[in-house]
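Please work through the exercises below with the sequence and the structure side by side. Try each task on your own before you read its solution.

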Number of protein chains: 2
Amino acid sequence: MHPLRQHIEEIISLSDDEFDFVLSHFEHTKKRKNQYILQEGEIANKEYWVLKGCLKSCFFDDNGKEHILQFGMENWWITDYESFIKQSPTKLSIDCIEDSELLYITYENREKLTQSMHKMERFWAKKSKYGRIALQNRILSLLKNSTKERYELLLKQYPKLFQRVPKKLIAAYLGVSRETLSRLKS
Amino acid sequence: MHPLRQHIEEIISLSDDEFDFVLSHFEHTKKRKNQYILQEGEIANKEYWVLKGCLKSCFFDDNGKEHILQFGMENWWITDYESFIKQSPTKLSIDCIEDSELLYITYENREKLTQSMHKMERFWAKKSKYGRIALQNRILSLLKNSTKERYELLLKQYPKLFQRVPKKLIAAYLGVSRETLSRLKS
């Protein structure tokens, strides 16, 4: 079974014809490590689904310090949702931490597909709700937990991330220096 | 025009019959100041839409300190989306800051309505996306901005909040003490 079909069918069921119709709205692309799929100031007109590889969405504060909003690995969706939904310039950058293979759907195609196919509207509505839950939990964690607790939560939630992602990026996600991260690990 | 219809029609258009059908899935309730609509450990099986009044969703950390995740005023939707979507016990509490008049839809009715009416699936999908954007921006702000900057952002985004909500709750939203808040204001 196509990995995207497997992924979608975790939420809704599709016939062969329906999946072919869905897939016809997607394009395939490969990116090398360090290549960008979205850069600050651009309008995010694609939503990506990770077939293989690892990416990060990040932003830079006024002092040029990098903060990571989200990682994306196999089966994850990634774009800047604010820019994508409002079709406005993004404050974020998204680039590849590893060589990556991606499927993407443009804003126009996603609109067409969700308008013509209630099931896919339902699929993305559910995905969006789960994305919202993840963000809500990150806020609760930022407000409530110590850096050490946030480190342990991340380790528990995404153990694979620690094998694949350089330490300095884990530090940028947690909002600490590499030195602090090293202390947390020991 | 019914205020809920006006609110929904900002995103999708409805015929009279369609709106009557939508409204038949809602119930009306009034709550006094300080009453809860959701308490820690319960399952959120209702999503509320604020007709009149002001509410807050909050949680308590291990030291009993209150943190505010969200306020809700007229035209805002409020529930614990994690508990509502997963139908699992909530970590949050939601209570009324003012006497409030609310419309609510149960989880079952919302499922029925979105399954039978693509337009309403679309409406809530869009609402959920906007909720996600707000949460994303709050994370960026928590990672990037100083307390003073976060105070100014809140003041700019929701000037009405400062007239209606006690200072100590603004402080609990920003994650600072009342004394720090007083210094920020001067």
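**Exercise 1.** How many of the eight residues of helix α8 (residues 167-174) of chain A are buried, and why can the helix be described as it is in relation to the rest of the structure?

*Solution.* Keep in mind throughout that this is a predicted model. Begin with the cut-off, since a residue counts as buried when its relative accessible area is under 20%. By that criterion, the buried residues of α8(A) are Leu169(A), Ile170(A), Ala171(A), Ala172(A), Tyr173(A) and Leu174(A). Six of the eight residues are therefore buried, so the helix is largely enclosed by the rest of the structure.

**Exercise 2.** Describe chain A as a whole, and explain why it counts as being as compact as a globular protein of its length.

*Solution.* Start with the secondary structure, which in chain A consists of nine helices and eight strands. Along the principal axes, the C-alpha trace of chain A spans about 55 × 30 × 30 Å. Then consider burial, for 51% of the 186 residues of chain A count as buried. Finally, turn to contacts between residues at least 6 apart in the sequence of chain A, of which 67% join residues at least 24 apart.

**Exercise 3.** In what order do the four strands of the open sheet in chain B lie, and which are the edge strands?

*Solution.* Reading across the sheet, the order is β1-β8-β3-β6 (chain B), with antiparallel pairing. The edge strands are β1 (26-31) and β6 (77-78) of chain B, each of which pairs on one side only. Now examine the pair formed by β3 (residues 46-52) and β8 (residues 100-106) of chain B, which run antiparallel and are joined by six bridges. Within this part of the sheet, Val50(B) stands opposite Leu102(B) of β8(B).

**Exercise 4.** Is Arg110(B) buried or exposed, and with which residues is Arg110(B) in contact, leaving aside its neighbours within four places in sequence?

*Solution.* First locate Arg110(B) in helix α4 (residues 107-116) of chain B. The relative accessible area of Arg110(B) is 8%, so this residue is buried. With neighbours within four places in sequence left aside, Arg110(B) is in contact with Lys129(A), Glu47(B), Phe84(B), Ile105(B) and Trp124(B).

Notes
Residues numbered from 1 in each chain as written. Chains lettered and ligands numbered in written order. Predicted model: local features only at pLDDT ≥ 70, side-chain atom pairs only at ≥ 80, totals over all residues. Heavy atoms only, no water. Helix = DSSP H or I, 4+ residues; strand = E, 2+ residues; numbered from the N terminus. Rg over C-alpha atoms; globule rule 2.2 N^0.38 Å. Buried < 20%, exposed > 50% of the residue type's maximum accessible area, 1.4 Å probe, protein only. Contact = heavy atoms within 4.5 Å. Pairing = 2+ DSSP bridges.
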